[in-house]
Each structure stands twice: as C-alpha cells, then as structure tokens.
Amino acid sequence: MVAEDTGPDIGMPLHMVSGMIHACLGRHREALPHLRAAERLHSLLTDSHAVANQVTGWLLATQARAGMLDEARAALAGLDDHAGEIRNARAAIHLAEDDPAAALTSVRAALDGTAPVVGYVTLVETHLLAAHAHRRLGDRPAAQLATERALALAEADQLVLPFAMTGATELLRALARRDTAHRALLIHILDLLRGPPATADARSAAGATATLSPSELRVLRYLPTNLSRPEIAAELSVSLNTVSTHIRSIYTKLGVGDRTSAVRRAQTLGTPGTTGQG
C-alpha cells in the first residue's frame, strides 16, 4: 500500500504505521524512510500541528536508536521542544548518548503536565524513557515505579506500541520479579515483544561481532560497565570523538540502537569480555 501514490491524506498514516512497525521490531534504519515520508506528507496537510510533533518526535528518536546521533541532534536544534513529543525525542537522544541525567531533565515537563502532549500514548512513552534513565543511573525503585505508571496508563486499551518502540523488555522483566498491579498486561506485552522462535536470519546474526574491528571490540568490552563515554576514552587513552565513533559503528554492526541492547546482543553472541553488568 505504501508503494502506491495514494496522496498525503492516506499516504501519511500508512507511512507512519509502517515506520512504527519497523521501529517496534528494532529495525530502526528501515523505519526511517517511512517516518521521513510521513513527516513530509503531513506538511502537505492542514492537519493538527500536534500530530506533526508526534511524527517528528518518533523520527528523531529512531535516528538516535539507529546510532545517527549527529543527524538527530542537528534536526532537534531547529525545533521548539515545548511539546512533550519533542522532549521525548530529546530524552531518547540523551539516552543514546549515555546521558541518563539529561534524559530525565528532558521529560520532566511532560511528567509534571507543563508540556503539552498529543495524548496518553506520549505519556506512556515518557514514563518509559524516565524508567530507562533511572535504571541507567542505578535507581531501580524509581525505574520500577515509572514502568508501573506506564503500565497503568496503557491498561485500558492494552497499549503495546510505546513499550516496543522504547525497547522496554528489560524494564518489564525487572518489574515482573516484583509486585505489580498490571501483571496480565505485563505478561501480554512481554509475550508480544519476545516474538517468534529464532530463525536462520537470527542465527546469521552470530557473525555480527566478527565484523567488529579490534578497536571496536576494545570499546565494546567497556559497555557493560557504568563508565561514561569520557571515562571510557580516558581508560583507552583515545579521544571522546573516537569512542563515540566506535560506539555508533558497534550499534550499526550489531543492529541495535542503545548501549543496553548492544551489551545484551554481544552477550547473546558470546563475545568475550561482555559478561559484566551495565
């Protein structure tokens, strides 16, 4: 359907949905052309500006998760980030940059109600981004509380989308080991995020780490630690820009969009030196 010339009123939502599906499956680079098309087609409509914020926010967050931080930051610089959707995108960029404290600052206005949002879908995403940031900062009770709040908002409509787009599997697994008022929904979402059994395509990913350069492998071994990018650079006696370049390359080669996912993928593939805790 998206291949047809359907016009902006139909093409925009089709591309948006296609982009969301790819993003939910972790195929961030495949999602980007559809989200860009949705953003372009929306500009031809006289529709709500709020919807444009949502599409743009998802586009920037997806760029960040695809390791395209320079592009995401450049696009963000030209936007008014008063809207909650754009603030969520800023938080996603900070998380991709391993700056969870800045991510929390970015979502604070949406959490306290001072930043306008399109609807509760954005707020579910906001709570999940906050949960990721709290978890990276080592505040597991705060991460679990934020995840619980996201589930509470999602309960009525059995909403799955924000959990998939933000990669919330580990947040939900951590909460599953504790008391939650939303266990049925939590289990339902985890089942959906788990997906079908591994196929030959999944097994072929086992060769992904073989393409990492020796320098990238050295950086990869520091990702399970709590060291920041500047600290990793100091440990390796290289520049911060070199570390950031290697991390972007690692994300691309492993097919992930953030540090936690890179560590998990490397551990799954049995990469030496990645068995520590991040």
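Predicted model: local features only at pLDDT ≥ 70, side-chain atom pairs only at ≥ 80, totals over all residues.
User: Which residues of H14 are buried, and what makes them count as buried?

Analyst: Helix H14 runs over residues 229-236, and its buried residues are Arg-229, Ile-232 and Ala-233. Buried means under 20% relative accessible area, so each of these three falls below that cut-off.

User: Why do the buried residues of H14 line one face of the helix?

Analyst: Look down the axis of H14: the buried residues fall within an arc of 100°, so they line one face. The cover over them includes helix H4 (69-77), helix H5 (84-96), helix H15 (240-254) and helix H16 (259-268).

User: Why is Tyr-222 called partly exposed?

Analyst: Its relative accessible area is 22%. Buried would need under 20% and exposed over 50%, so a value in between counts as partly exposed. You'll find Tyr-222 in the loop between helix H13 (214-220) and H14.

User: How do you know that Tyr-222 is in contact with Glu-235?

Analyst: Contact means heavy atoms within 4.5 Å, and Glu-235 is in the list for Tyr-222, along with Leu-227, Ile-232, Leu-236 and Arg-259. That list leaves aside neighbours within four places in sequence. As for the C-alpha atoms of Tyr-222 and Glu-235, they are separated by 9.3 Å, with the two residues 13 apart along the chain.

User: Why are H5 and H6 called roughly antiparallel?

Analyst: H5 and helix H6 (residues 100-111) pack at an angle of about 170°, with axes 8 Å apart. Angles over 145 degrees count as roughly antiparallel, so that is the word for this pair.

User: Which residues make the contact between H5 and H6?

Analyst: On the H5 side they are Gly-84, Arg-87, Asn-88, Arg-90, Ala-91, His-94 and Leu-95. H6 brings Pro-100, Ala-102, Ala-103, Ser-106, Val-107, Ala-109 and Ala-110. Sorted by kind, the contact has 8 nonpolar, 4 polar and 2 charged residues.

User: How many helices and strands does the chain have?

Analyst: There are 16 helices and 0 strands.

User: What share of the chain's residues count as buried, and how much area does the chain expose?

Analyst: Of its 278 residues, 48% count as buried. The chain exposes about 13,200 Å², and carbon and sulfur atoms supply 55% of that. Among contacts with a separation of 6 or more, 65% come from residues 24 or more positions apart.

Methods: Residues numbered from 1 in each chain as written. Heavy atoms only, no water. Buried < 20%, exposed > 50% of the residue type's maximum accessible area, 1.4 Å probe, protein only. Helix = DSSP H or I, 4+ residues; strand = E, 2+ residues; numbered from the N terminus. Arc of directions from axis to C-beta. Axes fitted to C-alpha atoms, helices over the stretch in contact; angles between N-to-C directions. Parallel < 35°, antiparallel > 145°, perpendicular 65-115°, else oblique. Nonpolar A, V, L, I, M, F, W, Y, C, P; charged D, E, K, R; others polar. Areas by Shrake-Rupley, 256 points an atom, 1.4 Å probe, with all protein chains shown as cover.
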